[in-house]
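Please open the model in your viewer and keep the selection tool at hand. The stops below each begin with something to select and then say what is found there.

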Amino acid sequence: MEEKKQKSINDILPLDLIQRILLRIPVKHLGRLKCVSKLWHSLISDPDFAESHLHLSLASTHACIYKKNSTEAYLVHLEEAFNDKNYKVREVSFPFKKPPPSEFRLMGSCRGFVLLHQEPHFFVVWNPLTGFSKRVSYSWLDIVHRTKGRYFRFSGNAMLYGFGYDATLDDYLVVIAWKDSNCQLLDCFSLKTNSWINLDAVVPKPLGLMEWRSRGLFLNGSIHWLSYYLENHHSDGLLVFDLKERSFSKISLPEQLKMRDAATFVILGGCLALCSQDYVGCKTHIWVMKEYKVHSSWTLYVIPCLEFEPICLSNDSDVVAVIYRALKFAKYNIREELLQRFRCPHFRLQAYNWTWCTVYTESLLPFPSNSKHKDKKKKKNAI
């Protein structure tokens, strides 16, 4: 009598259901699940699956990475840090083949990719989860050719910068606003084609009259910055640059928000949010725009703690933040209750400087390739 062949899960469950189950699994486990079968490997490796998982996953993995030195960093998975008593901070290596000859900065994150900048003219795009990295060199001559300037140095000249994604072109872009003598300029670098894109858009306000939170934040296809007038520190609102339309707009702040002291601008759960300190009441005020570009949706939350700097929302919609002076991560709910604290070893005051530290959402997304460049390479090899 022949033995019955044991059915696999692929034979029992329909493909659509398997895919829906995998979309709900935290991204860090998906790498191991590729080994279950060829089918699962194919499903998880599909760029469309990675895109869907980034947007539909019920358990996003938020991570904070901050510099230890020029070659290594500390990596904190925020959900695990709060939920696992035995959690240990990981050390990871930056994607440099050898120690960089000059200082570099963490410029921000977008869709699971972290952007590094190394003076004088190198970008490095890095996905800490998959290990992918791409080093891109650029020529500052391409930037200054339109002006009387002779040199461009990112750390000295860029008054605004941002890292974002243009879905229409499947391209990651670095946008830079800078001044040269009396000239105000806006440039954009394509990380897909390794080339500068000339932008006709004009920055609405004179850069020299404003103080800026220079690192922009990407949300809904646009990069956002918070600005102040230098004279009275009154905010002019959020400046928005649409990567598809290549145009600027502005988002007004809530009227009740007093901007006498510097505010922090963050993205919380896919919403714009502003954080300011109430030193009299020893509280932190967090204004959240629940509906994008709907002014009436600004909503105030109050945290009974000073210098509470939000960095993301947990999967339970609690506010995760850095308590600056205590050098701790903390989690509060919207009822103003402290839920947990996590003291991070090795966390230093410099780490709070956002050129030393960035928060990102892990993803399996592949980096887009430049098909034209590939075709040229194939023709060259054929010859």
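Select Tyr87 and Phe342, both of which are buried, where buried means under 20% relative accessible area, exposed over 50% and partly exposed in between, with a 1.4 Å probe and protein chains only. This is a predicted model, in which local features need pLDDT of at least 70 and side-chain atom pairs count only at pLDDT 80 or more, whereas totals for chains, interfaces and linings use all residues. Residues are numbered from 1 along each chain as its sequence is written, and side-chain values use heavy atoms, with hydrogens and water left out.

Stay with aromatic rings for a moment: the structure holds 15 aromatic pairs, a pair being two rings of Phe, Tyr or Trp (its six-membered ring) with centres within 6.5 Å, called stacked when the planes are under 30 degrees apart, edge-to-face when over 60 and tilted for the rest. Tyr87 lies in the loop between α6 (78-83) and β3, while Phe342 belongs to strand β24 (residues 338-343), so the pair ties together parts that are 255 residues apart in sequence. Helices (H or I, at least four residues) and strands (E, at least two) are DSSP runs, numbered from the N terminus.

Next, select Phe113, Phe132, Phe163, Tyr165, Tyr172 and Phe367, which form one aromatic cluster. Over the face of Tyr165 lies Arg111, at 3.8 Å from the ring centre; a charge sits over a ring if NZ of Lys or CZ of Arg is within 6 Å of the ring centre and within 35 degrees of the ring normal. Arg135 lies over the face of Phe122, at 3.7 Å from the ring centre.

From Phe113 and Phe132, move to Asn127, which touches both of them along with Gly112, Ser363 and Leu365, leaving aside residues up to four places away in sequence; contact here means heavy atoms within 4.5 Å. Asn127 lies in the loop between β6 (122-126) and β7 (133-137), and is buried, with a relative accessible area of 0%.

Now display the open sheet of four strands in the order β3-β2-β1-β25, whose pairing is antiparallel; two strands pair if DSSP finds at least two bridges between them. Since β3 and β25 (357-361) stand at the edges with a single partner strand each, one side of each is left without a neighbour in the sheet.

Zoom in on Ser93, found in strand β3 (residues 90-93). Four bridges join β3 to the antiparallel strand β2 (residues 72-77), and Ser93 is the bridge partner of Glu72. Is Ser93 buried or partly exposed? At 49% relative accessibility, Ser93 counts as partly exposed. Beyond residues up to four places away in sequence, Ser93 touches Thr71, Glu72 and Trp126, and its C-alpha atom is separated by 9.2 Å from that of Pro128, 35 residues apart along the chain.

For the last stop, select β15 (residues 235-242) and β16 (residues 247-251), antiparallel strands joined by five bridges. Asp242 stands opposite Ser247 in β16, and the two strands form a hairpin with four residues between them, where Arg246 in the turn has a positive phi of about 55°.
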